[in-house]
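These are my notebook entries on a structure that I looked up for a reader new to it. I record what I looked for and what I found.

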Amino acid sequence: MLLGNLGHLLVIISFVTALVATFAYFRASNLTPLPPLLNEREESPPLSVGRGAGAGGGVWLRFARLSFYVHAAAILGVCVTLYVIIYGHHFEYHYAWSHSSKALPWYYMISCFWEGQEGSFMLWMFWQAVLGVILIRKVGTLEAPMMTVYALVQAFLTSMILGVVIPGVDFKIGSTPFLLMREAMPDLPVWATNPDFIPKDGNGLNPLLQNYWMVIHPPTLFLGFALTLVPFAFLMAGLWRKQVIEWIRPTLPWALLAGVVLGVGILMGGYWAYETLSFNSYWSWDPVENAVYVPWLVLIAALHTMIIAKKNATALKASVILVIAQFVLILYSTFLTRSGILGNASVHSFTDLGLSGQLLMYLLVFIAVAVFLAARAWKLMPSDDEEVSTYSREFWIFMGATVLCLAAFQVIIPTSIPVWNSIVESFGGKSNLAPPTDAITYYTKFQMWFFAVIAVLTGIGQYFWWKRVKKGNLQDLLTPLWITLFVTAIIIGFGNLNKGKDTATFLQYIAFLTAAMFGFVANLFIIFNIIKGNYRLSGGAITHIGAALMLIGILWSSGYQKIVSLNASGLMISRDEFFTKDSNKENKENVLLWLGQATKMGDALLTYRGPRTEIRGVPQYVPSSWIDIIEGDFRAVCLRDIAIGDKTYHKKGDTVKVYPENVYYEVEYREASGRITTIFPRIQFNERMGAVTSPDIKRELNKDLYSYVMMGGNPNEIEEWSKTESFTVALQDTFFVNDYVATLEGVGRTDAVEGVTLNPNDVAVKAQVKIFDKEREYFMTPTFAINQDRMVLRKPEVSEELGLRMQFMAIDPKTGKFTFDINSKQRDYIVMKAVEKPLINVLWIGTLILAFGFGLATIRRFREFRLMRDKG
Amino acid sequence: MKKIHIFGLIVIAMAIGIIVSTAGDASTYVDFAQADEMAKEGETKAIHVVGKLKKDAAGQIVGMKYDPVMDANHFEFVLVDNNNREQKVIYSSPKPQDFDKSEQVVVIGSMQGNHFACEKILMKCPSKYENEKPEFKEATAKKV
């Protein structure tokens with residue numbers, strides 16, 4: 001109770017202090033005289049807003065800072081409180097109950113924090129609060145107007161978790177994470193009988209999010225979100241204070257930082273999807289992915305125009321628009337993913353918490369503020385006296401930014417179809433537009449060309465940037481061009497690029513490859529020939545190299561991915577017309593693997609070895625039959641000693657912790673060379689999402705083999721055996737058991753029965769039954785034993801491979817016949833798909849290089865900013 | 001006319017082109033009767049149909065066929081659209097896990113003769129938790 005009230009109080013404090021800080025900063029800005037207007041495009045005199053505010057402004061400024069510090073402390077307090085509730089398993093709170101459970105190890109409890117919408121808002125606010133505190137100390141000029149906008153954004157965000165109902169109008173503002181179970185679910189019958197009821201355990205974190213990437217991906221992404229506010233706030237301050245050029249220098253390093261953090265955050269999400277979801281790809285053009293990809297592209301475009309904005313008025317105006325756009329698009333993406341508007345267009349958007357109105361208001365307010373300030377300051381912006389030359393760096397960089405924006409535009413339009421439908425419907429119309437069916441093919445056919453152009457422009461742009469080429473002097477560009485053509489020709493010649501592709505696709509891929517290769521080669525030349533490895537200046541070129549490598553990696557890993565799980569049995573699986581048309585090429589992309597039976601796939605032999613479970617603290621997966629999972633719990637009882645190699649980890653009867661939802665299917669790949677690799681694709685029997693399949697990836701230097709189980713049984717479900725069938729047969733008799741032919745080969749005395757200690761007077765006999773499957777024969781050996789008290793033991797034998805259970809029931813000495821009881825069940829099998837993804841490592845390497853180059857550029861611009869600030 | 005104006009016009013033209021092509025490439029939500037008509041008119045574009053699984057009085061799903069032993073990539077079921085028209089749907093991929101539990105199904109594909117050939121299935125599964133809205137699941141028969 002206390003914790004929740006404390007948390008709620010802190011939320012209210014943070015909301016109020018954000019408003020107070022907004023107002024105080026607003027007063028401080030207005031009480032400071034405007035600097036002289038700039039008519040000339042020159043460096044302005046040092047600005048006075050901030051450190052040395054004018055009369056009266058200083059008091060407000062100090063008060064504003066204090067308010068913001070209190071605000072930041074309150075936000076920190078809110079986060080700590082929520083984490084304490086989660087970590088302490090206080091299940092009387094709805095948030096802890098619905099997102100956490102006792103089963104979770106501590107590192108996943110961090111993820112519980114942001115699994116819910118409220119927590120993810122808090123993560124966002126937290127980063128903004130941290131950044132705000134840093135900005136106050138570092139910014140110097142423009143502090144007051146900039147922080148006015150900043151604090152206002154914080155106020156809007158804080159209102160999302162306020163959870164206050166305005167009396168009278170019954171309008172709820174925000175959704176608080178500090179609700180008690182009783183308040184969140186007042187309809188539960190338990191409250192009538194036991195008002196103090198506290199759930200014993202929580203619902204737990206969605207197992208799909210129990211992944212280390214989910215511990216670091218959301219914080220990175222939300223830091224990126226928070227960072228996009230910084231350029232926006234600077235810009236608003238500049239427009240408001242009529243300093244239409246000066247905002248750029250302090251903004252640039254922050255915009256770069258936002259670019260790298262947001263980019264890395266997005267790519268981490270892609271990597272998580274690649275490893276965990278079997279959408280089969282790192283990127284599936286889902287609306288939620290698109291919603292954050294678009295602002296990132298616009299941010300990158302803004303970065304480029306900002307670099308040239310001092311020289312070029314068109315670029316300055318473009319920067320103003322783009323910096324507004326990237327922030328507004330972040331708000332728009334928040335609206336898309338959290339208002340429930342995407343509905344069935346996306347698989348992983350949040351559910352509606354009733355915040356859509358509030359989110360829409362948030363979006364519209366900032367569009368209005370930005371448009372108003374920009375329109376007011378528009379006339380103050382300089383205009384270009386003469387036309388920009390086609391041979392100038394400004395022209396080429398501007399081109400690059402334009403193409404980036406067009407690429408972003410192309411993605412946001414189809415992504416917004418559900419929004420369009422709701423707008424039409426809210427005006428009483430009817431719109432039945434649905435998003436393009438095949439998102440990957442659809443977006444690829446556009447984005448591929450945008451990025452081919454961008455790759456070429458990165459090369460040309462860098463040459464112009466370093467002034468190596470100018471009008472009438474373009475020959476320096478020829479060297480990288482020749483090398484590009486040479487290298488590409490070699491790759492085309494030896495790379496088998498036309499294999500399995502029609503001519504049109506082949507030509508497109510060649511064009512794309514050439515473009516990406518040019519971007520790579522040209523930027524490499526820049527580094528070695530022009531910058532001569534001066535690392536401070538090479539950020540841009542390195543980033544572009546990373547981008548070019550990513551494009552090449554994407555071309556191969558997606559364009560040339562190959563399904564290897566083709567049905568190679570040579571048998572027609574179905575005679576249905578649907579399957580036989582197009583020479584049977586339809587959908588033979590999954591292989592069926594029976595337990596223990598080797599199946600050919602390509603050059604490899606695949607054998608499914610059975611379901612496995614992960615015991616915490618045991619380094620390998622163990623057969624699921626070794627343990628018995630306690631129902632509704634995350635613990636299991638060992639049915640035998642758990643031994644890996646020589647080491648015994650647990651004794652029979654021990655209780656161990658497991659991840660009960662996860663079933664790993666052990667599959668052995670035996671390559672033609674004799675090399676054996678074992679993979680463990682997973683199905684997660686996830687109560688929230690249903691069954692979710694995750695691939696296992698066999699990584700090699702030049703390719704990944706990506707395998708996932710499309711269908712597999714859950715070993716923790718009770719198996720259904722058929723009704724018992726009895727067979728009474730004599731030696732060497734042949735009989736039919738569930739479609740198999742079986743022969744009783746022999747019956748003999750045995751001295752040892754597994755799991756039973758025999759006394760000297762006990763008699764045990766073992767039958768040998770030979771069973772023929774299509775390709776193999778199996779032996780089953782059920783035992784029958786009688787002890788001295790004439791007690792009978794009939795130890796059944798189970799063959800998982802055949803799906804049979806056999807029990808030796810009786811021996812009739814008169815007729816010489818033996819009776820067996822047999823039950824059958826569905827044999828264990830999996831349906832698996834395997835895809836080969838060549839050169840995917842080029843993509844990941846490109847990603848790392850891109851992030852590294854971005855980092856260098858960011859450091860350089862921060863240093864420049866510091867030098868300028870300290871100088872003047 | 002200055003270069004920048006020409007440039008602006010080109011950008012605007014491309015933007016309009018993008019919008020037009022989006023409208024052209026967008027799919028639509030229809031019912032089976034419309035889907036039938038579209039197929040007869042030779043329209044090959046994939047469309048969305050929303051419906052429910054056919055169930056008998058006891059709530060058992062009717063008309064669902066999946067035999068992985070015969071063909072792991074062939075799954076058949078009967079979908080009833082919002083106008084109560086029943087339609088055989090064929091999905092050339094393994095049966096999506098938890099398909100039986102879904103309340104509402106969106107099939108994406110087109111009519112082919114007597115059946116609806118489905119490339120992608122979106123399932124709306126009832127959530128186990130009362131306080132949560134139903135979640136959506138997706139399955140695709142897309143060839144990579």
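I count two strands as paired if DSSP finds at least two bridges between them. Helices (H or I, at least four residues) and strands (E, at least two) are DSSP runs, numbered from the N terminus. The model is a predicted one, in which local features need pLDDT of at least 70, side-chain atom pairs count only at pLDDT 80 or more, and totals for chains, interfaces and linings use all residues. Residues are numbered from 1 along each chain as its sequence is written, while chains are lettered from A and ligands numbered from 1 in the order in which they are written.

Strand 10 (residues 635-638) of chain A is joined to strand 13 of chain A by 3 bridges in the antiparallel sense. I found A:Val637 opposite A:Thr655 of strand 13 of chain A.

Entry: strand 14 of chain A.
I asked which strands pair with strand 14 of chain A. Strand 7 (residues 604-613) of chain A pairs with strand 14 (residues 662-670) of chain A over 7 bridges, in the antiparallel sense. There, A:Arg612 has A:Tyr664 as its bridge partner. Strand 16 (residues 682-686) of chain A runs antiparallel to strand 14 of chain A and is joined to it by 3 bridges, with A:Asn662 opposite A:Gln684. Strand 15 (residues 676-679) of chain A pairs with strand 14 of chain A over 4 bridges, again antiparallel, and A:Arg670 stands opposite A:Ile676. The hairpin of strands 14 and 15 of chain A has 5 residues between the strands, and A:Gly674 takes a positive phi near 95 degrees in it.

Entry: helices 11 and 12 of chain A.
I took axes as lines fitted to C-alpha atoms, for helices over the stretch in contact, with angles from 0 to 180 degrees between N-to-C directions. The axes of helix 11 (residues 287-308) and helix 12 (residues 313-338) of chain A come within 8 Å and cross at roughly 165 degrees. Helix 11 of chain A is therefore roughly antiparallel to helix 12 of chain A (angles over 145 degrees count as such). The residues of their contact divide into 20 nonpolar, 5 polar and no charged. Here Ala, Val, Leu, Ile, Met, Phe, Trp, Tyr, Cys and Pro count as nonpolar, Asp, Glu, Lys and Arg as charged, and the others, Gly among them, as polar.

Entry: helices 18 and 19 of chain A.
Helix 18 (residues 503-530) and helix 19 (residues 539-559) of chain A pack at an angle of about 155 degrees, with their axes 8 Å apart. These two helices of chain A are therefore roughly antiparallel to each other. By class, their contact has 17 nonpolar, 4 polar and no charged residues.

Chain B has 2 helices and 8 strands. Of its 144 residues, 32% count as buried.

Technical notes: Angles under 35 degrees count as roughly parallel, over 145 as roughly antiparallel, 65 to 115 as roughly perpendicular and the rest as oblique. A residue is buried if 20 or more other C-beta atoms lie within 10 Å of its own, exposed if 12 or fewer, and partly exposed in between; C-beta atoms are placed from the backbone.
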